[in-house]
Amino acid sequence: MTGRETAVVRRNDPCPCGSGQKYKKCCGSDTGREHLRQQTDRETAEVIAGFFEAHPTPAERRALLERHREYGSELERLHGEEEAAAIIGDLYFFREAVGEWNGYVRRSARPGQRAQTQDAVRGFEDPLFLAALVAGAGDGILRLSDLVSGEAFELRTDAAVKAAAGDVLIGFFVPQPGEDHLLMPLNSLVHAQGADAGAMRKLKEAAMEAGLADAQEFHAKHPLAAYRLFGQAEGQPISVADDVTEVCDRMEEFMIGRDLKDDRLLEAFFHYIGGLETVPSEAIAGAVWHAVSVGSFKLGWTLEETAGRFGTNPAETAEFAEAFAEFIAGADVPDDEEEEPVYAFGVGTDPIAAEFSQWNLFMHLAKAEVADEKALRRLMEAYDGKPYMPASPVEEAQVRAYEAYLAKEPGLRTEKSAEALRLDSQNSDALLLAAERAEAGDARLELLRRAVEAGKGEFEEEMDVAWGYLPNRPYLRARFALAVHLWELGRMEEAFKELYALLRLNPGDHQGARYVALSALISLGRLDEAESLLDHYEEPGADNAFYAWFRWAAERRRNVLGTAAEEAYRTASDQNPYAVKWVRDRPAADPYPKSAAVTPRSPEEARLIWTFLEKTLEKN
């Protein structure tokens, strides 16, 4: 598996969104294209948010602190504390360490993703830096002119970008998804209102004196030039104590040791103590007590117990916690702004919740008589979110199966799954759910194999994107559940055979079969094949913690004391340090989840990593 397959959807193919309609009458229509544009915007926004969920790492935090020491005070004087921090972050991630950003972008444009989102995300590599004059505005569009090169650009106005002719905008930009002629700001944006003409002239002259007519080359060599010329705010520089990084690392180590994760608190802690003249000895204890008090850290400690664990005075610990709480409250997002979305990905053998609503729409439209495209759009709007009333026991069985998957209570899941099987003994999902209730052994395995055979009859092999066609999913789901069961039984050869077939049917791997396959291959000692599978799905320089820990497991099988294993361990530990104690202590692993949401560099990610790794290490 060393190549990549590109999915192509033709006009008369079923639409990959799962609606059940042909592409030309769904996402290929005008209404569909607008829906597709909105969906692409959401997905690309999640990609950008995902980067900042995983960054900065501790090493990057130290680098950012060094940049702050180098020129943070100057930027704070010119632009204020908050904007200066954003500028430093942008210059680091999108200029100095842009390779890390580019690698993330390439990994985010993954196989199986919708082509529109893939294209948009790929365009985010090597962001464009602009110091541009707003030359004109109208119809919701700003016309920009780069102050160094004179090159023209366009930018859509929205709640985050409001400027008038004569203003200057400074920041990093990427193409607007789906609209190549437009740009959008990547993160922070400095807005100099009614910018001074003399400052504009000086920037152009500085580039000419440097002999750099190319704007990107000039800004790369003189990254602060535009920010210096167009700084407006006045403020006091912050003196950052030398031991800030060390204390932040100790705070993070404490959180990792206790399986605690709160990135916002850790970020606030970094900024708060960075603004103090000296870091008090009770800083960590005070931050922990604050987190315990507000329920962020569910440790059940009293103030005295918290202070005692860190050897600090309870009164001073409480005083620090109170001041820290006031700092956090002052930095809160205003009520009229939405919180940044939390980036997470779903895993498990169950279908995602949205599949039931997709099935309802699919069934409505499959039974409807559609005269033309306009009628189809009306039907889609009318049926959107409306439950489908089953017309037969077979259809009702599928409804009960979805209800079982969505049930929060185990008893209700059992009741609904039993009803599904009674209504249709050949329903693939009903058989899968019945396998859960079967005693471990031949009975469960037999039900899983029956589920595969039942789903196979509904599977359409001709689909370019197998997962995109909704009726295909029960079969793919059944094969994955069978493979996971064989893998959990330790029958690795059989498990990998199923997983390999599944990845060939659905190369985009919407189910995460590659992770179980990697665990099986490493367990079997088939390390070259594992390396090939990693290379197929992993982009160069990837910071995917699953891949990093798999690479360590493979190197460990080759030579547990080798240099390669040691280096791989350091890389994996940095990408998810929560996994270290699982690997060290070797507790019993959790079973593969039915349904779970995992955030990068988190305790839950570490537990799932160990679920995969345990089987690769048990014979060593």
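Which residues have the most contacts inside the largest nonpolar core? The views below start there. This is a predicted model, in which local features need pLDDT of at least 70, side-chain atom pairs count only at pLDDT 80 or more, and totals for chains, interfaces and linings use all residues. Residues are numbered from 1 along each chain as its sequence is written, and side-chain values use heavy atoms, with hydrogens and water left out.

**View 1. The largest nonpolar core has 86 residues.** Trp-487, Trp-549, Tyr-592, Phe-612 and Leu-613 are the residues with the most contacts inside this core. A nonpolar core here is a set of buried Ala, Val, Leu, Ile, Met, Phe, Trp, Tyr and Cys residues joined through side-chain atoms within 4.5 Å; buried means under 20% relative accessible area, with exposed over 50% and partly exposed in between (1.4 Å probe, protein chains only). Helix H20, residues 473-488, gives the most to the core, with ten residues. Helices (H or I, at least four residues) and strands (E, at least two) are DSSP runs, numbered from the N terminus. Apart from this core lies another, of 47 residues, with Val-168, Ile-170, Met-200 and Leu-203 among them.

**View 2. Here are the contacts of Tyr-592.** Leaving out residues up to four places away in sequence, Tyr-592 touches Phe-480, Val-484, Trp-487 and Glu-488, among others. Its contacts (heavy atoms within 4.5 Å) also include Val-347, Gly-348, Thr-349, Leu-608, Thr-611 and Phe-612.

**View 3. Strands S1 and S2 form a hairpin with two residues between them.** Six bridges join S1 (residues 128-138) to S2, and the two run antiparallel; strands pair if DSSP finds at least two bridges between them. Gly-138 stands opposite Ile-141 in S2. In the turn, Asp-139 has a positive phi of about 55°.

**View 4. S2 and S3 form a hairpin with five residues between them.** Five bridges join S2 (residues 141-146) to S3 in an antiparallel arrangement. Leu-142 has Leu-155 as its bridge partner, and Leu-144 stands opposite Phe-153. Phe-153 and Leu-155 make up the covered face of S3, while Ala-152, Glu-154 and Arg-156 make up the uncovered one. Gly-150 in the turn has a positive phi of about 80°.

**View 5. pLDDT stays under 50 over residues 1-9.** pLDDT is the predictor's confidence in each residue, from 0 to 100, and the protein averages 85.
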